[in-house]
Amino acid sequence: LANELVEPASVRWVASELRDDPEFEFYCLLDSVAEVRLLESALGDTALERPLHVLLEVGPMGGRTGCRTPEQALEVARAVDSSRRLALAGVEAFEGVISSKTLSGTIDATDAFLKDMRALVVKLDQAGHFAKGQRVIVTAGGSAFPDRVVAELGHPWDLSRPVALVLRSGCYLTHDAVHYRQLSPFGGRIPETGPLHEALEVWGVVLSLPEPGLALIGFGKRDVPHDLELPVPRFVKSGAEELRRVREGASIFALNDQHAYLRVGPGEQLRVGDLVGCGISHPCTAFDKWRLIPVVDDAYRVIDAVLTYF
């Protein structure tokens with residue numbers, strides 16, 4: 001669970017799953033002494049005999065969850081040590097919330113954060129805080145900077161236990177048309193690789209052409225990601241005609257719940273009923289809108305489907 005576990009009912013459910021299946025491995029994040037106390041209290045009502053494995057989360061200033069200083073992290077680690085119901089299994093971070101005015105500035109800030117994370121792992125090990133486990137899990141790596149995670153955390157460790165480095169870069173599965181296309185290290189910062197290709201498209205029908213240069217498309221906020229950038233028009237399919245590229249200058253500039261506003265130039269001859277295919281930005285907020293995603297071949301024949309659990 002890449003999050004803090006603080007709801008007592010959820011804690012008890014996890015405990016019951018761990019109790020019923022001895023081979024089930026579960027980890028959650030933890031960043032405060034208050035959470036340690038809450039977990040202890042909720043677990044006290046259960047018959048779980050093995051400790052709950054927790055990962056100490058660290059976070060950058062101005063970020064989201066996670067301890068902000070080594071002092072805070074060590075205080076939480078000491079609280080876990082004093083608990084017979086918890087075991088510190090490693091350290092976790094999500095560096096994807098770090099940002100600067102420039103890409104180079106963001107990379108520098110990310111590198112500095114990961115260096116501090118590595119130093120904390122060493123300090124925790126030296127203090128014996130991983131004594132309840134057989135290995136140390138170190139996990140980070142959003143889809144924008146997995147190369148920086150490997151550069152800072154992937155070289156050899158000298159700890160009391162083996163280190164398992166876990167990358168959590170999920171958006172590479174489909175890539176996208178804007179955000180990760182701009183930030184991905186593949187084909188750029190990792191020179192021996194080629195760029196990823198976007199594999200997730202959303203298609204909508206032209207519902208209306210109410211004004212010159214304006215088309216209303218049949219998808220909206222309920223269907224497509226809109227938290228980072230809006231969909232990017234790519235293709236047009238008009239009846240039995242061949243699929244073609246959208247003319248240059250077309251853009252989606254607004255979304256309602258069920259409508260997209262597509263601005264087109266005078267050279268784009270759309271008709272009501274045409275299909276418009278778009279690339280998306282930020283796969284995560286596409287997956288959560290589609291429980292079943294069709295898989296198509298190059299001719300757009302449906303050949304499979306993927307269930308999502310998001």
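Biologist: What should I know about numbering and confidence before I start?

Modeller: Residues are numbered from 1 along each chain as its sequence is written, and because the model is predicted, local features need pLDDT of at least 70 and side-chain atom pairs count only at pLDDT 80 or more, while totals for chains, interfaces and linings use all residues. Side-chain values use heavy atoms, with hydrogens and water left out.

Biologist: How many disulfides does a search of the whole structure find?

Modeller: A disulfide is a pair of cysteine sulfur atoms within 2.5 Å, and the search of the whole structure finds zero. The sulfur of Cys171 lies 3.6 Å from the closest cysteine sulfur, in Cys284, which is too far for a bond; for Cys28 the closest cysteine sulfur is that of Cys67, at 13 Å, also too far.

Biologist: Is Cys28 buried or exposed?

Modeller: Buried means under 20% relative accessible area, exposed over 50%, and partly exposed in between, with a 1.4 Å probe and protein chains only. Cys28, at 0% relative accessibility, counts as buried, and Cys171, at 4%, counts as buried too.

Biologist: Which strands pair with strand 11?

Modeller: Two strands pair if DSSP finds at least two bridges between them. Strand 7 (residues 214–217) runs antiparallel to strand 11 and is joined to it by four bridges, with Ile217 opposite Ala260. Strand 10 (residues 251–255) is likewise antiparallel to strand 11, with four bridges; there Leu255 has Ala260 as its bridge partner, and a hairpin of four residues joins strand 10 to strand 11.

Technical notes. Helix = DSSP H or I, 4+ residues; strand = E, 2+ residues; numbered from the N terminus.
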